[in-house]
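This briefing sets out what can be read from the model shown below.

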Amino acid sequence: MEYETNSSRDGPGHSPPSPRQSVRKNLDFEPLSTTALILEDRPANLPAKPAEEAQKHRQQYEEMVAQAKKRELKEAQKRRKQLEDRCKLEESIGNAAQTWNQEILPNWSAMCTSRRVRELWWQGVPPSVRGKVWSLAVGNELNITHELFNICLARAREKWKSMPTAPPTEPETEDAGLSLADREASLELIKLDISRTFPHLCIFQQGGPYYDMLHSILGAYTCYRPDVGYVQGMSFIAAVLILNLDTPDAFIAFANLLNKPCQMAFFRVDHSLMLKYFAAFEVFFEENLPKLFVHFKENNLTPDIYLIDWIFTLYSKSLPLDLACRVWDVFCRDGDEFLFRVALGILRLYEDVLTRMDFIHNAQFLTRLPDHISPDQLFSHIHAIHMTSKNRKWGQVLQALQERNSPVLKR
């Protein structure tokens, strides 16, 4: 081992040494690492090490070196495994993207319902083709054009120019009776909500690269559907679409998604219809997870407590973004039913934890899910959920409930 020797060359203007320097001078050496204290002989002004102590120190040093090498080898193996897994994933995504681009998308109408494509869909749509697949799967029943988007956007900009400069206030949930003018006035609420949309990404907030796009889509939609206006949660849906589509195409997909029966019921705050969706959900909840269903009933934990936020944002706020996009993949394929199947998959994934919690802790857990959730693990639990009850599928159960009087969630 190396030592640093302190020479005692005092010049004419040399200042008195500090106490620390005096100690080092008396020792005649300065160790550069802890191993020096173990392996090296003691300074001449100290008693020599006994042979047994020197042997013990050599053994300790060898053990330290062996442990360090073992840690380095383990870390190297871990890094190699991570690199191999990443390479395999990238290769798998590349191959899947090639299949989608060359085989599926050019023959969409003929292949989109085939078993092979459905299996690929379940595994996750490659990010490079995700936007195109979503657009085709959602469709454009509203026949919205890019020109219509520009007209709605121009109107929104006129409204923004005429708006007062006072800061926006929190939106009201109970807005079913607002006039058309009041609905369009919800334009001012958009700025407030955009700042809270995926804040950790720092791309949708004012000054970020996607702020104008998100602002444009939400403003244009508010003018396109003044009867709906802007409702909290819409910004997350629009943001996910912006990450995968150009602005006009994102607007077309956004408007058509929100026009689906389930989304329209929630965003128009149709309480009667929302209760029917919750009642249908409970039918399949009891069928698939009877033990947890009873536990929730005993604790008066009703579906509205956790489902509203999940449905309003299509899980984009509740789940990690990459996992939310994979949920969207299958949602675009299977429709509203899959949203409730995902909810049951989440409950199944955390069933053991939830059955040990009381009302407060269950509500807190479900309204703030863990930050890290394995996509494969969650989809495995979703796959285990059967959306059939007494030989009736989701649509049949929901229709039967709609034909009856409005259900009431009992607490």
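Is Leu-314 buried or exposed? Leu-314 has a relative accessible area of 1%, under the 20% cut-off, and is therefore buried. The model is predicted, and its protein chain has 411 residues, of which 43% are buried. The secondary structure of the chain consists of 22 helices and 4 strands.

- The accessible surface of the protein chain amounts to about 23300 Å², and carbon and sulfur atoms contribute 51% of it.
- Of the contacts in the protein chain with a separation of 6 or more, 72% are between residues 24 or more positions apart.

**Residues with positive phi**

- Most residues other than glycine have a negative phi.
- Leu-314 has a positive phi, near 50°, although it is a residue other than glycine.
- Leu-314 comes after helix α16 and sits in the loop between α16 and α17.
- Phe-198, also a residue other than glycine, has a positive phi near 45°.
- The loop that holds Phe-198 runs between α9 (187–194) and α10 (211–224).
- Phe-198 has a relative accessible area of 3% and is buried because this value is under 20%.

**Helix α16 and its cover**

- Helix α16 spans residues 304–312, and its buried residues are Asp-304, Tyr-306, Leu-307, Trp-310, Ile-311 and Phe-312.
- An α-helix has 3.6 residues a turn, so residues three or four places apart point the same way.
- The buried residues of α16 are covered by elements that include α11 (234–242), α13 (261–267), α14, α15, α18 (336–349) and α20.

**His-295 and Asn-362**

- His-295 belongs to helix α15, which covers residues 290–298.
- Asn-362 belongs to helix α20, which covers residues 359–367.
- The relative accessibility of His-295 is 14%, so this residue counts as buried.
- Asn-362 likewise counts as buried, because its relative accessibility is 0%.
- Apart from residues up to four places away in sequence, His-295 touches Leu-354, Thr-355, Met-357 and Asn-362.
- With its neighbours within four places in sequence set aside, Asn-362 is in contact with His-295, Phe-296, Leu-301, Leu-354 and Met-357.
- His-295 and Phe-359 are separated by 64 residues in sequence, while their C-alpha atoms are 9.5 Å apart in space.

**The cavity**

- The model has 1 cavity of 30 Å³ or more, and the volume of the largest cavity is about 30 Å³.
- The lining of the largest cavity is formed by Glu-282, Phe-285, Phe-293, Phe-296, Lys-297, Leu-301, Thr-302, Pro-303 and Tyr-306.
- Both α14 (271–288) and α15 supply at least two residues of the lining of the largest cavity, and α15 gives the most, with 3 residues.
- The lining of the largest cavity comprises 6 nonpolar, 1 polar and 2 charged residues.
- Phe-296 is among the residues that line the largest cavity and is also in contact with Asn-362.
- Tyr-306 is one of the lining residues of the largest cavity and one of the buried residues of α16.

**The largest pocket**

- The largest pocket holds about 570 Å³ of space.
- Its lining has 19 residues, and those nearest the centre of the pocket are Leu-89, Ile-93, Gln-123, Gly-124 and Arg-326.
- At least two lining residues of the largest pocket come from each of α3 (51–104), α5 (115–123), α6 (127–138), α17 (321–334) and α21 (375–383).
- The largest share of the lining of the largest pocket is that of α3, with 6 residues.
- By class, the largest pocket is lined by 10 nonpolar, 5 polar and 4 charged residues.

**Cysteines**

- A disulfide is a covalent bond between the sulfur atoms of two cysteines.
- The structure contains 0 disulfides.
- Cys-223 is in no disulfide, and the nearest cysteine sulfur, that of Cys-152, lies 6.7 Å away.
- Cys-223 counts as buried because its relative accessibility is 7%.
- Cys-202 has a relative accessible area of 56% and is therefore exposed.

How values were computed: Residues are numbered from 1 along each chain as its sequence is written. This is a predicted model: local features need pLDDT of at least 70, side-chain atom pairs count only at pLDDT 80 or more; totals for chains, interfaces and linings use all residues. Side-chain values use heavy atoms; hydrogens and water are left out. Buried means under 20% relative accessible area, exposed over 50%, partly exposed in between (1.4 Å probe, protein chains only). Contact means heavy atoms within 4.5 Å. Accessible areas come from the Shrake-Rupley method with a 1.4 Å probe; for residues, only the protein chains shown count as cover. On a 1 Å grid over the protein atoms alone, a cavity is a set of points where a 1.4 Å probe fits but cannot get out, and a pocket is an open set with protein on both sides within 12 Å along at least five of seven lines; lining residues have an atom within 4 Å of a point. Grid points are joined across faces, edges and corners, and a volume is the space filled by probe spheres set on the points. Ala, Val, Leu, Ile, Met, Phe, Trp, Tyr, Cys and Pro count as nonpolar, Asp, Glu, Lys and Arg as charged, and the others, Gly among them, as polar. A disulfide is a pair of cysteine sulfur atoms within 2.5 Å.
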